[in-house]
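Colleague: Let's go through this model together. I'll ask, you answer.

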Amino acid sequence: MNKYFLPLFTLLLLLVLNMPAAGAQPIKPLGEKIGLDRQGTTIYQVPANGVKIGYKLIGSGEPLVMIAGLANTMDVWPIEVIETLAKRFQLIIPDNRGMGHSTANNTTFTYKLFADDVIGLLDALGVEKTNVIGFSMGSTITQQLLLAYPQRFNKAVIYATSTDGSKVADALRSKAPKDPDVMRKINPTILRQIEATTHWKTPLDKMSLVTNQVMFLVGTSDTVVGVEGSKALAAAIPGAWLVQFKNGTHGVMRETPREFARIVLTFLDMNETVHPK
């Protein structure tokens, strides 16, 4: 064998593995430019599902939509996580309706509505299929997306999730300030999100029908959602991954951003499905 063959083959293999997936055309931003984030990235606003959704695009490669949690905006994702993921994916980072740069109307908040907002944004941007990562409330939105729109998603990372929203709502209310004057100043959108969360219960009997590749992430010391929901869902979805960060809390992505981003990339870059010959 030619002595130069193996080094050349190795170099070509590395180049292929680090190239964006074939056919991953860059997403072109649409809508009105409405401002910049703290890093100078342009924020856009586009009509979708009866409201205006604020979003930003970062990076290049396959699309990855990142859905924030309850009371959070697009800025919730740590910079180190964003920078790491953006080297491999084009990130679509929206605000949930009524938060940050997204508007809301009088439509009752539900997780179906939140999921339809995500689909509306993807439709507006011309994205037929994407990967998705959802945090907290965003993780439950991701559950709904996989149940209602599985064909629109490749792989899903479900971080800090639950199967019973009423328990999560109770945990959040217990952490809320007791001063009535302070409570009156809370963004009413957050109260609407909590109300929607109260009514969420995962249809566990349907989760075995999910065919998308899914990874659940949770901190073992998460006092907001606990670990049992992630364990139950990981057991219900065939082939799902379950990653537990020992001593991690609800904010484990901020506590260990490097390792958080590393495991997300490991999962998204791997095809663990075996096709017998």
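Colleague: Which residues line the largest cavity?

Modeller: A cavity is where a 1.4 Å probe fits on a 1 Å grid over the protein atoms alone but cannot get out; lining residues have an atom within 4 Å of a point. The lining is Ile-53, Ile-67, Pro-94, Asp-95, Asn-96, Arg-97, Phe-114, Asp-117, Val-118 and Leu-121.

Colleague: What are the ground rules?

Modeller: This is a predicted model: local features need pLDDT of at least 70, side-chain atom pairs pLDDT 80 or more, while totals for chains, interfaces and linings use all residues. Residues are numbered from 1 along each chain, and side-chain values use heavy atoms, without hydrogens or water.

Colleague: At what angle do helix 3 and helix 4 pack?

Modeller: Their axes, lines fitted to C-alpha atoms over the stretch in contact, lie 9 Å apart. The two helices are therefore roughly perpendicular (65 to 115 degrees). Contact (heavy atoms within 4.5 Å) involves residues including Phe-114 and Val-118 of helix 3 and Ile-141 of helix 4. The angle, on a scale from 0 to 180 degrees between N-to-C directions, is about 80°.

Colleague: Which strands are the edges of the sheet?

Modeller: Nine strands form an open, mixed sheet in the order 1-2-3-5-4-6-7-8-9. Strands pair if DSSP finds at least two bridges between them. Each edge strand pairs on one side only: strand 1 and strand 9.

Technical notes
1 Å grid on protein atoms, 1.4 Å probe; cavity = no way out; pocket = protein on both sides within 12 Å on 5 of 7 lines; lining within 4 Å. Helix = DSSP H or I, 4+ residues; strand = E, 2+ residues; numbered from the N terminus. Parallel < 35°, antiparallel > 145°, perpendicular 65-115°, else oblique.
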